[in-house]
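Let us walk through a protein model together, one feature at a time. Have the sequence and the 3D view ready, and look up each residue as we come to it.

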Amino acid sequence: MEKTPRENNLLKAILASKLFPGILQYPTALVFAVIVYELLFGPLSPGRNFGTAMTWVLWWPIIPLVFLLLGRLWCAICPFATLSDLVQKWVGNNRPVPVFLKRYGIWIIDAIFILITWGDHIWGVVESPRGSAILLLMIITGVIASGAFLERRAWCRYLCFLGGLSGNYSRAGMLELRATPDKCARCKVQACFKGNSKVPGCPLFEFPKTMDSSATCNLCGNCVKTCPNDSIRLSVRVPSKELWFIKKPRLEESFLAIVIMGIVFVQNITMLDIGARVMALVESVTGISSYPLTFTITFVIAMTVPVLALFFTGWLSGTVNGESAAVNFTRFGYALIPLDLAGHMAHNLFHLLAEGNSVLITGLSLFGINLQKSTALASNETIQILQFILIGLGALLSLYTAYRVAKTNYTVKKAISSLIPVTGFILVLTFINFYLFTIPMAHRM
């Protein structure tokens, strides 16, 4: 029987404070405004632009770590969420979220995430301050439109690509907010969802009484502040533990998990020497010399092959456990999330440690200080060792998660047999990650 995690009173007190999350929201929004200004009007060279350094060298590399340690806490202080709240307060119509968005929002998120990744490599968004600015302005436009017409943080819940990513990763995270069933059973107020005169209800449409996942909890603290029965618990848990007991697995969430793996492979390959060889091979086979077309073909293959491989793995498991390939795909797809997170962190670790000083260099340049210094915070050897450690830990957690998923859903004999192809698939993905991180990466800054 699963044990109830021990409550962390300090973390709960922070969420219950009147100062939270505002004390973090507004400084974050101020920094974001500076970043957007720099991307729009600062130096065209990414190596000299403070906005580029802050976005792609600092924020993007550390955000997966935040999801691991603190769940979706970033979503509580995200500048886009703050903007959505302000727009809604000033001109919001608070219309109900369309059923279409509720039903297919995660698929839209999947598509947006794939398109942004594809667009980055076609138009060089990351390496272009103006390109990054255009991306942020497009997101801001969507946030304003959503806040003006729809209730609560509909953008964050149903449309934000980072929200989809954080939802998957926070399932493997170490923080868990849950309600106490016995206390909630006696409650007639439901202030945690509806809010009260001083604090609004859950911005992401969650009802803590029935919530069994951290995927859509941004730890904003609203439910902690409004609950009249002190029912809300905030606990520290073992990483990936939530993935062991998914009661209602969803195909689109497992699809996102395997797609993220493909995206990480693409991000790695395009920064390695073998990337040019892969593109040359595609060009020679297809006879197409246009980079956008050859990359698109390569990208589609990189997205499709892992999905088909997981589907095939699910079919193999199904020959033993009697389930369809789609059911096994959905159940065991969650086991890939720890390895996804590790691969994402390992890739971004290179940018953070090999280019991290660019944040300081470009920041000082805003004040007219020209600092001549290497962008590296650590040697390539040190970075590589840390990358291997991350991949190793992610693989172990994925293998154990697959074991727990099998144990939860099947008899002992079927569980062991079902695990054989899944374990093989995870090991293949792990080997590919290890191999790619043995090859020196190219710098962006």
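The paragraphs below move from the core to the aromatic rings and then to the backbone.

What you see is a predicted model, in which local features need pLDDT of at least 70 and side-chain atom pairs count only at pLDDT 80 or more, while totals for chains, interfaces and linings use all residues. Residues are numbered from 1 along each chain as its sequence is written, and side-chain values use heavy atoms, with hydrogens and water left out.

Let us start inside. A nonpolar core is a set of buried Ala, Val, Leu, Ile, Met, Phe, Trp, Tyr and Cys residues joined through side-chain atoms within 4.5 Å. Here buried means under 20% relative accessible area, exposed means over 50%, and partly exposed lies in between (1.4 Å probe, protein chains only). The largest such core has 119 residues, and those touching the most other members are Phe 80, Leu 162, Leu 177, Leu 219, Ile 258 and Phe 332. Helix H13 (residues 251-269) gives the most to this core, with 10 residues. Helices (H or I, at least four residues) and strands (E, at least two) are DSSP runs, numbered from the N terminus.

Now zoom in on Ile 258. Leaving aside residues up to four places away in sequence, its contacts (heavy atoms within 4.5 Å) include Phe 329, Leu 336 and Asp 340. Asp 340 lies in helix H17.

Ala 406 counts as buried because its relative accessible area is 0%. Beyond residues up to four places away in sequence, Ala 406 touches Phe 332, Ala 415 and Leu 419.

Next come the aromatic rings. Rings of Phe, Tyr and Trp (its six-membered ring) pair if their centres lie within 6.5 Å; planes under 30 degrees apart count as stacked, over 60 as edge-to-face and the rest as tilted. The structure holds 19 aromatic pairs. The rings of Trp 118 and Trp 123 are edge-to-face because their planes stand at 80°, with the centres 5.4 Å apart. Trp 118 is partly exposed at 23% relative accessibility, whereas Trp 123 is exposed at 63%. Tyr 400 and Tyr 403 make a tilted pair, with 5.7 Å centre to centre and 40° between the planes. These two tyrosines are three residues apart in helix H19 (residues 380-409), so about one helical turn separates Tyr 400 from Tyr 403. Trp 56, Trp 59, Trp 60 and Trp 74 form one aromatic cluster.

Finally, follow the backbone. Most residues other than glycine have a negative phi, and most peptide bonds are trans. The peptide bond from Phe 20 to Pro 21, however, is cis, with omega near 5°. Pro 21 sits in the loop between helix H1 (9-16) and helix H2 (22-41). Ser 240 has a positive phi, near 80°, and is found in the loop between strand S2 (232-236) and H13. Is Ser 240 buried or exposed? Ser 240 is buried, because its relative accessible area is 1%.
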